[in-house]
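Here is a short briefing on a model with several chains. Please keep the structure open while reading.

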Amino acid sequence: MIKVKDLYKSYGKSGKIKALNGVSFKVDDGEIFGVIGPDGAGKTSLFRILASLILPDSGSALMNGHDVVQDYRRIRQIIGYMPGRFSLYQDLSVEENLTFFATLFNTTIEENYHLIKDIYQQIEPFKDRRAGALSGGMKQKLALSCALIHKPEILILDEPTTGVDPVSRKEFWDMLARLKEQGLIILVSTAYMDEASRCDRIALIKDGEFIATDTPQGIINDYSDILWSVEGSRMSAMLKELRTHDMVMSSFAFGDKIHITVDAGFRRNELEQYLTNKDFRDVNIAPIEPTVEDCFMALTR
Amino acid sequence: MSNKVIDVSNLTKMFGNFTAVDHITFDVEEGEIFGFLGANGAGKTTAMQMLCGISMPTAGEGTVAGYDIIKENELIKRNIGYMSQKFSLYEDLKVWENIRLFGGIYGLSDKVIAEKTDALLKQLNFQQERNTLVKYLPLGWKQKLAFSVAIFHEPEIVFLDEPTGGVDPAMRRQFWEMIYDAADRGITVFVTTHYMDEAEYCNRVSIMVDGHIDALDSPAALRKQFNADTMDEVFRQLARKAERD
Amino acid sequence: MRFSGNSLVKQKGIKMKQFIAFVRKEFRHIIRDNRTLLIIIGMPIVEILLFGFAINMEVQNITVAFYDPKPDAFTIGIAERIKQNSYFNYQGNMQSMEKMEEAMRKGKLDLAVVFQQNFQEELVQSGKAAVQLLSNSSDPNRGSITATYATAIIAGYQQEQMDLIKIPFQIQTENRMIYNPQMKSSYMFVPGIMGLVLMIICTIMTSVSIVREKERGTMEVLLASPLKQGTMIFAKTVPYMVISFIDFIIILLLSYFVLGVPVNGSLILLFLVAIIYITLTLTYGLTVSTLVDKQVNAVIFSAITAMIPVLMLSGMIFPIDNMPGVLQTLSFIVPARWFIEAVRKVMIQGQGFFMIWKEVLIMIGMIFFLLLVTVANTKKRLE
């Protein structure tokens with residue numbers, strides 16, 4: 001179990017840059033907890049504090065009962081940590097990297113093979129290849145194997161999917177889902193809002209603060225605006241048109257549709273007619289369930 | 001004759017025995033927003049380097065901004081804009097210094113740079129940040145500024161390499177609105193992204209798999225062709241076929 | 001207590017395993033980086049040959065004067081030979097030794113040739129006569145080459161005369177280097193190169209290899225593991241200690257067999273001095289690594305604080321006795337100065353431990369000082 005209370009952290013002269021501005025949360029055993037927000041929101045600072053790599057200015061954090069400041073030696077034994085950028089030895093082979101990290105944690109690949117089998121098997125055919133020559137997806141699998149080899153109680157993954165293509169990202173989350181079944185606590189951060197649904201609970205982070213903490217569905221349920229999707233021809237022109245409309249509170253492009261929030265006097269037919277009159281064709285307006293991304297935008301507006 | 005800003009055929013790049021880009025043929029029209037998608041390692045970066053004139057193709061031919069990619073790569077560099085997520089602006093220079101620097105690199109006169117700088121800062125609502133070091137700007141602002149700088153010299157085409165990675169949702173959309181404005185002014189936009197919703201914002205999209213282009217059409221047509229609801233699904237169907245790691 | 005005695009033993013076992021794994025990893029880094037490997041093996045060879053041959057070049061325009069209390073056929077013959085030699089520039093005959101010394105002190109002379117009284121008589125009667133060659137060795141290289149040239153000319157003359165008069169005799173040349181009395185030979189650059197190469201390998205390579213882990217982000221992963229900083233730092237130094245020792249032996253072998261530099265003192269003592277110096281430069285490398293965050297800075301910092309002082313202030317190129325007072329004082333804190341002096345004493349002058357205890361003690365003192373600085377600066381976290 002993770003218990004974090006009132007973490008503050010700032011950098012620079014006289015704390016000019018505030019990275020964390022009072023963050024508190026709890027994570028239960030066997031949970032995947034996602035910290036979701038844009039770059040620079042404070043995700044990396046938070047995870048580094050929890051990995052005992054930097055000190056908070058104030059506040060406390062207990063990882064399975066161990067304080068990240070006082071018991072940092074113990075913390076370093078029970079966590080598996082994967083930093084944001086690929087941090088293995090590029091000039092060592094896949095197997096050499098894994099053996100090295102196993103030894104650091106006083107274990108061997110054989111002893112804990114069952115833990116990483118699922119992931120490692122996919123890169124085992126290339127075990128003699130140097131890590132630097134692996135593709136992005138394989139590097140990630142190796143890094144995850146290295147973070148898991150000592151049977152950590154808590155896995156801390158800082159933006160593991162940044163810059164990774166959608167297919168590899170999906171595979172990665174599938175791996176996390178299987179790992180969760182082994183009872184690990186998994187703490188993961190991402191800037192991709194669509195990954196929220198893969199977590200048990202999420203925290204939306206912005207400017208060093210958690211602006212919401214709940215299950216993904218809970219966050220969606222809390223969405224208080226009325227959301228509609230609009231589609232039709234000439235989407236970018238339509239977006240501009242919608243911004244000028246009285247009933248429309250906000251409008252944002254969402255893939256092939258535009259998501260709009262509207263005020264209480266809104267009538268679907270009226271808007272449909274209005275757009276058709278403005279020469280937009282195939283106009284289709286429908287109520288829609290918000291995504292986590294809609295929630296994030298509503299909360300940060 | 002229609003105005004093709006990119007027109008390449010059988011573009012190929014080999015590294016030893018490894019064919020990074022395998023006979024790709026496509027064209028991009030003036031003012032088009034062209035999405036260039038593909039899994040990590042599919043050959044996107046190499047293809048983009050050849051189009052920008054910084055990597056010599058092993059085989060194939062074509063033109064970018066009207067110049068031959070084999071013989072006139074120096075002229076290409078002068079007539080394109082480029083921005084990537086990894087490097088866009090000098091962090092330790094101020095906002096106006098960055099604008100000045102890149103304006104200078106593309107040979108604009110001091111007077112033009114000064115005028116355009118004012119206009120640009122006003123348009124971005126950045127006047128107060130004129131003297132701010134770029135490293136102190138939030139990421140989303142930085143990327144918006146970087147894009148403006150990349151098209152500061154009014155290039156025929158701008159290449160954007162994952163411009164919105166890690167940018168917050170609202171900023172990401174503002175960024176795309178800037179892309180639309182640029183396209184309306186006739187600047188062709190060539191963009192890579194891992195956000196599949198952004199693929200929808202492109203006029204046409206190509207998807208690279210193992211060095212070749214496996215699909216190329218408008219997002220709506222691709223969805224229809226692959227019988228999929230979203231571009232994400234289209235992408236997944238194609239990327240699953242990839243064999244190389 | 002969480003740990004029983006048994007698990008304490010186990011803890012020690014972990015450290016050893018971590019240590020060995022880390023050392024193995026470091027060797028792999030080095031072996032797989034061809035450029036590093038080339039520097040490590042190539043540098044000592046290139047430098048010793050460079051200094052041995054290229055820098056030991058021809059010396060020209062040697063100013064020479066004679067003191068001949070009683071000229072005779074032999075002394076005039078020898079003087080003529082030297083005057084005629086194109087390397088020498090004849091400055092005149094001195095009337096007294098005092099005049100000669102004055103001219104040398106003013107730097108007007110590179111070489112003074114002093115003949116024995118009654119040179120010819122001695123030679124005929126006892127078959128032996130002596131010539132003293134006083135060479136100005138404030139530039140030791142030039143000084144020793146000057147003496148070598150003059151000796152060769154005199155030896156040539158002797159051979160010629162023996163062929164003519166068919167009586168065996170011997171002209172004894174006595175070489176004296178003045179203004180650098182400790183210099184018995186020009187081979188002083190060999191200890192200097194040892195000092196330089198070991199400094200580069202140990203200080204620059206060690207600091208760069210640690211800072212590289214910071215720069216590439218691997219330090220973050222190491223810090224998040226149970227690996228102790230001390231284990232890591234100690235393990236980092238082992239490969240470079242081995243390599244620098246190999247380099248030391250390469251230099252020793254090359255200078256002995258190729259350049260003919262003698263090892264006059266105890267070899268064991270020489271190795272002891274080397275080990276102490278290697279430890280010192282490694283420790284300095286660790287100190288540097290705690291002060292900088294980028295590999296480029298590590299190289300620049302090491303180069304400015306370690307390499308340049310070795311070149312300028314250690315006595316390797318410029319004799320310390322000839323430096324202005326401030327620089328002489330500054331040279332006290334240059335580790336290589338003490339190493340070079342100790343090696344010179346042991347290797348060239350053949351002196352024993354009792355002549356170098358001061359240098360050894362100073363170096364050990366420096367090790368402890370740098371260790372303290374390093375430990376004080378070593379962080380168990382990222383910032």
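How many helices and strands does the secondary structure of chain A come to? The count is ten helices and 14 strands. The model is predicted.

**Chain A overall**
- Along the principal axes, the C-alpha atoms of chain A fill a box of roughly 70 × 45 × 35 Å.
- Chain A has 301 residues, and 47% of them are buried.
- Among contacts in chain A with a separation of 6 or more, 70% come from residues 24 or more positions apart.

**A six-stranded sheet in chain A**
- Six strands of chain A form an open sheet with mixed pairing. Their order is β6-β7-β8-β3-β9-β10.
- Strand β9 (residues 201–206) of chain A runs antiparallel to β10(A), and five bridges join the two.
- K206(A) has E209(A), in β10(A), as its bridge partner.
- Helix α1 (residues 43–50) of chain A packs on the sheet. This helix touches β3 (32–36), β7 (154–157), β8 (185–190) and β9 of chain A. Its direction makes about 155 degrees with that of β8(A).

**Contacts between chains**
- Two pairs of chains are in contact, and chains A and B share the most contacts.
- Chain C puts 22 residues in contact with 23 residues of chain A.
- On the chain C side, α1 (5–32) and α8 (218–223) are the elements that give two or more residues.
- α1(C) gives the most to that side, with eight residues.
- By class, the chain C side has eight nonpolar, five polar and nine charged residues.
- Chain B and chain C are joined by no contact. Their closest C-alpha atoms lie 16 Å apart.

**A helix pair in chain C**
- How do helix α3 (residues 73–84) and helix α5 (residues 119–126) of chain C cross, and at what angle? Their axes come within 7 Å and cross at roughly 110 degrees.
- α3(C) and α5(C) are therefore roughly perpendicular to each other.
- A73(C), F74(C) and T75(C) in α3(C) meet F119(C), Q120(C) and L123(C) in α5(C).
- This contact has four nonpolar, two polar and no charged residues.

Notes:
Residues are numbered from 1 along each chain as its sequence is written. Chains are lettered from A and ligands numbered from 1 in the order in which they are written. This is a predicted model: local features need pLDDT of at least 70, side-chain atom pairs count only at pLDDT 80 or more; totals for chains, interfaces and linings use all residues. Helices (H or I, at least four residues) and strands (E, at least two) are DSSP runs, numbered from the N terminus. A residue is buried if 20 or more other C-beta atoms lie within 10 Å of its own, exposed if 12 or fewer, and partly exposed in between; C-beta atoms are placed from the backbone. Two residues are in contact if their C-beta atoms, placed from the backbone, lie within 7 Å. Ala, Val, Leu, Ile, Met, Phe, Trp, Tyr, Cys and Pro count as nonpolar, Asp, Glu, Lys and Arg as charged, and the others, Gly among them, as polar. Axes are lines fitted to C-alpha atoms, for helices over the stretch in contact, and angles run from 0 to 180 degrees between N-to-C directions. Angles under 35 degrees count as roughly parallel, over 145 as roughly antiparallel, 65 to 115 as roughly perpendicular and the rest as oblique. Two strands pair if DSSP finds at least two bridges between them.
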